[in-house]
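Welcome, and thank you for taking a look. Please open the sequence and the 3D view, and then walk through the points below.

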Amino acid sequence: MREGQATAIQRLDYTAPAFWIDTVDLTFDLDPAKTRVLSKMRIRRNMDVPAQPLRLDGEELNLARVMVNGGGTSFKMEGSQLVLENLPEGDAPIDLEIFTTCAPIKNTQLSGLYVSNDTFFTQCEAEGFRRITYFLDRPDVMAMYTVTLRANKAQYPVLLSNGNLVDSGELEDGRHFAKWVDPHKKPSYLFALVAGKLVAREQQIRSRAGNNHLLQVFVRPGDLEKTEHAMNSLMASIAWDEARFGLSLDLDRFMIVATSDFNMGAMENKGLNIFNTKYVLASQSTATDVDFANIESVVGHEYFHNWTGDRVTCRDWFQLSLKEGLTVFRDQEFSMDMAGSTSARAVKRIEDVRVLRTVQFPEDAGPMAHPVRPDSYVEINNFYTVTIYEKGAEVVRMQHNLVGREGFAKGMKLYFERHDGQAVTCDDFVQAMADANPESPLAQNLEQFKRWYSQAGTPRVAAQGRYDADARTYTLALSQSCPATPGQGDKQPFVIPVTLGLLGADGSALPLQQQGDAHAGGTERTIVLTEPRMEITFVNVDSAPVPSLLRGFSAPVVLECEFSDADLLNLLAHDGDPFNRWEAGQRLGLRIALGAIANPGVTANAQGDVEQSVLPASFVQAMRDVLRNPSLDAAFKELVLTLPSEGYIAEQMDEVDPQRIHTVREAMRAELAASLHEDWIQAFEDNQTPGAYSPDATSAGRRALAGHALNMLCLAARRSGDTLWPGKTYQRFKDAGNMTDRFSALAALVNSGHELARPALERFHALFKDEDLVVDKWFALQAGTSDRNGNILPAVRELMKHPDFQLKNPNRARSVIFSYCNANPGAFHRADGAGYAYWADRVLELDGFNPQVASRLARAMDRWRKLAEPYRALARAAIERVAAKPDLSNDVREVVTRALAD
Ligand code: TRP
Ligand code: ZN
C-alpha cells in the first residue's frame, strides 16, 4: 500500500503519452474476495513522440496473464508499473490482453473497486482505475469502452456501467451478465461500474432538442421515497444547461447511484454518476433545507460535468480546475437561477463568498497554498482543494464579468467547437473566452489575466478616497499587492475587476461621472485594475461620498479600506448592492471583535462568560433595524445577524489565541441575544411556515431566521434563567413537521447547554436510529457544540464508543472527528494540547486504511504557525508525532511535511 519514496510530479514535465488506447473491452467476474478482470485493449504507438516502452500503471493487482496480438510476450515490473519493451514497431494497431484479479472486499481506501453494503462500486478519479486493471491511467488517454459484468444474480441483480445496455442474460450457476457500451470516448477516471441489490426511481424526459432520455436514481430498497428531490434536481439541471448554454444531454440513459461509503461528495462518471447518499436522499422528515439545497447543487454540479469535464476533459491533473472551477461556477449560477429573486441570488452569493473567505483564503495563506493551476504535487488527491474548486470558480466568474453574460455564452460555444472530445488545458479555456470576445478587457489583458492561474495567494486591494469640496471631485486611489506563498516570492500585478458605486451621506446612490465622461451615467461601474496603483476621479460630486467597493465580491481579494463606523452603518442601511450591505455589517462585527480581543479589560468569569458590554449601542441598533426592516428577506437578515466566524476572525490576526476569540465572540452573541430579546421573539413569530413543507428559498430563509431566533432565545435564557423559551423550544423539537425546524430546536437546546438538551438528544436518537444521515447529524451536533469547562473532548471520546460509531465509514468519521477538529475551534484548541493529541491519533489511525480521509483531517492543523503559546508548541509536537511515523501514506506525508517546512 505504501509507495516508498514519494517524488513530486512537475507540471512542466508533461509529455504526451507514448501510446494511445483506442478501445478497451473489459469483462468482470465480480466476487468480493476475488474479482477477475479481463482487459482487451487495442493500442497504437503515438508516432509524434520518440519510441518508448509501454508503461502501464497498476496498484494492488494480481497479474495472471499478458498477451500481445494473441500470443505470449515478455514483460517486467518496475515499481508498480507493468513494462512492455518489445511491442511491434510502427503505427499498426496492437491487441493487448491483460488478465488480473483484485480483492474489492479488502479495499478500505474506497478508491478503485470496492464493496459497500454488499454492493460493488468504483471510484476512479483521480488514479483509481489502476487499482482495477493495468492501464495508461492518465486523463489524456481517451478510449471507447465496452464492459461486460458477470455476477451472481440473486446477490447482484442490478449490473450497471457507463453508456447503453446492449445485451444481458442468464449464465450458469445462478449467474447473469450485462453488457454496456459507452458511445463516447473517455479517460479512465470516468469509468464506473455498480452491482448489487438496488431499486430505481425512473423518469422519461424529452429534451428541448427533441430527444428522449431515461433518467434513473438508484438507491437501496427502502430509500426510494427519498429520491424525488434528487430526480427533480436532475431534470432542472438538464433543462438549465440547455436553456443557458445550449448544452443537451448526449446519452439515451443517465443514471445516479447513491452509496453510503464515499470519500467525497459525488463523482461525474460518464452517464453513471455515483453519489454520497448525503447528496441524494432527502425527505422533509430526515433532511434540512440546507441538505435540500446541497442536493440540488451537487446533482447540478455532477450533471454539468457531462460537458465541462467529460466531453472536454483535462490534459493532466495540473489542469484540474479547468473542469472543477468551471463546473463550480456553473453549479453556483444554476442555484442562483433556481433561487429566483434578486435577494435570494444575493443570499447564495454571500454563502459562496463566506466559504471562499473562511476556507480558501486560509488555504492560500498557509503551507498548502498553491495556484489554481498548481506547478507540482506529490499526491494528486491532496489537490482537490477549495483553491482548485472555489477560487477556480471565482476566476471563471471574473471572466464572466469581464466579457458579459452574452460574451461568456459565446466563449463557451467556441470552447466546445474547438475542443469537444479533447483533453485540454486551462490556457485553452481562457483563450477561447478571449477569442470569442476580442474587444473585451479580458482579451486586452489576456496574459496578465492568466496570472490568476499561475500565482498563488490572496491579493490585497487597498482603496483610499479623497474628496475635494472646492473642485467637487472624489478621487479613489486603488493599489494592489499579494503576499508571498511557498515557492513564490514576488508576485506580478493581477487583473482585478472592481465593481463599485458611491453613496451620498443620506444613503442615496450617486450618479457616476468619471473625469472625461461627457455626462453622468448609471450608479455602478466596473473599474479594471491592472497596474500596481491607479487613481480614478469622479466629478460633480456634491458632498463626500461613501464608496461601495468590490460589489458582489467582484474579485477574490481582500479589500482594505478605512471606513468609519458611520460609513459602515450607512452602507449597512442603504447600499443598493446586497452583498456589500451584508459586508458592511460583517466589517462592523469584525471591528468590534478585534477591539474586544485586544482589550485587557474584557474578561470572562468562572463560567467563561463576559459580564460587561462589548457591543456599541449603534451596532445593536443597526442589527435591530435590519431585523425589523419589512423590505428585507428573512434569509438575508439571518446572514447579517450571523457574526463573522471564529476562524474568519482568527485569519485577521497575526497571532491567534483561539480561546480568547471564542470567549469574545460568545460574549457578542450573548449580548445580541439579550439586547434584542423582544426582536428575536418577533422574528421567531413572524417567520413560521405553516402548511405543506417546501424547501424553496423563501420558506427556507424563514426557517433559518426562526431557528436563529430560537438559538438566541435559548442563549439568553441561559443567563437570565428564563424557562419559557427553552420549554417552547423543547415543545417545537417534539412537534416539528420537518427536520429543519426539529434540528434547529435541538441545536438551540444543545448549544445553550440547557438541561433539556439531554432528553432531547435521547429522543432524537430513538426516533432516527435507523436513518444513517440523521444519526450523522446527531453525532456532528454533539462534537461541534460550544465548549463549557473542557467537556467536549471527553464527550467526543464517548461518542466514539457509541455502538453507532463507525470509523471506517467516512460520513460517520467526519460527523464526529472533523466536527470536533475542524469546526469547533473553541473546544479543539485546549491549553493542555489534548485536542491536538486526539487529532494526531485519529490521523494515524485513519491513515492505516483510508489515506484520502486521513489527509483531509491532517489539514486541520494548516494554520498552526499563527497560534499563540502554549498552543503553537503543542501543535508542532502533535504534527511532528504524525510526521515521525515511518509508513505514512503519500497523502498525509505531503500535508505534514508542508506544514512543518520553514
Ligand atoms: N470529480 C468529483 C467532483 O468534483 C470529485 C471527486 C469525487 C473526487 N470523488 C473523488 C476526487 C475521489 C478525488 C477522489 O465532482
Ligand atoms: Zn466536480
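How many salt bridges are counted between domain 2 and domain 3? The count is zero, where a salt bridge is a side-chain nitrogen of Lys or Arg within 4 Å of a carboxyl oxygen of Asp or Glu. This is a predicted model, in which local features need pLDDT of at least 70 and side-chain atom pairs count only at pLDDT 80 or more, while totals for chains, interfaces and linings use all residues. Residues are numbered from 1 along each chain as its sequence is written, chains are lettered from A and ligands numbered from 1 in the order in which they are written, and side-chain values use heavy atoms, with hydrogens and water left out.

**Domains**

- The domain assignment gives domain 1 (9–281 + 298–304), domain 2 (313–454) and domain 3 (461–492 + 505–555); such bounds come from an automatic or database domain assignment.
- Taken over C-alpha atoms, the centres of domain 2 and domain 3 are 25 Å apart.
- Domain 2 brings 19 residues to the contact and domain 3 brings 10 residues, contact meaning heavy atoms within 4.5 Å.
- About 1000 Å² is buried between domain 2 and domain 3, with carbon and sulfur atoms giving 60% of it; buried area is the accessible area (1.4 Å probe) that two parts lose on being put together, summed over both.
- R349, Q448 and R451 supply 30% of the area that domain 2 buries against domain 3, more than any other three residues.
- Four residue pairs are in polar contact between domain 2 and domain 3, both residues at pLDDT 80 or more. A polar contact is a pair of N or O atoms within 3.5 Å; within protein, one must be able to donate a hydrogen and the other to accept it, and residues adjacent in sequence count only if both atoms are side-chain atoms.
- On the side of domain 2 that touches domain 3, α4 (342–365), α5 (386–419) and α9 (451–454) each give two or more residues, and α4 gives the most, with six residues. Helices (H or I, at least four residues) and strands (E, at least two) are DSSP runs, numbered from the N terminus.

**Salt bridges**

- The whole structure holds 69 salt bridges.
- One network of salt bridges links R244, E333, D337, R345 and R397.
- E324 and K323 form a salt bridge at 2.6 Å, N to O. E324 is buried because its relative accessible area is 1%; buried means under 20% relative accessible area, exposed over 50%, and partly exposed in between (1.4 Å probe, protein chains only).
- In the salt bridge of R669 with E666, the closest N and O atoms are 3.3 Å apart. These two residues are three residues apart in helix α15, so about one helical turn separates R669 and E666.

- E671 sits in helix α15 (residues 658–675).
- E671 is buried yet has no salt bridge, and R719, the nearest side chain of opposite charge, is 7.9 Å away. Lys and Arg count as positive and Asp and Glu as negative, while His and the chain ends are not counted.
- The side chain of E671 reaches the backbone nitrogen of L615 at 3.1 Å.
- A192 lies in the loop between β16 (186–187) and β17 (193–196), and A192 counts as buried because its relative accessibility is 0%.
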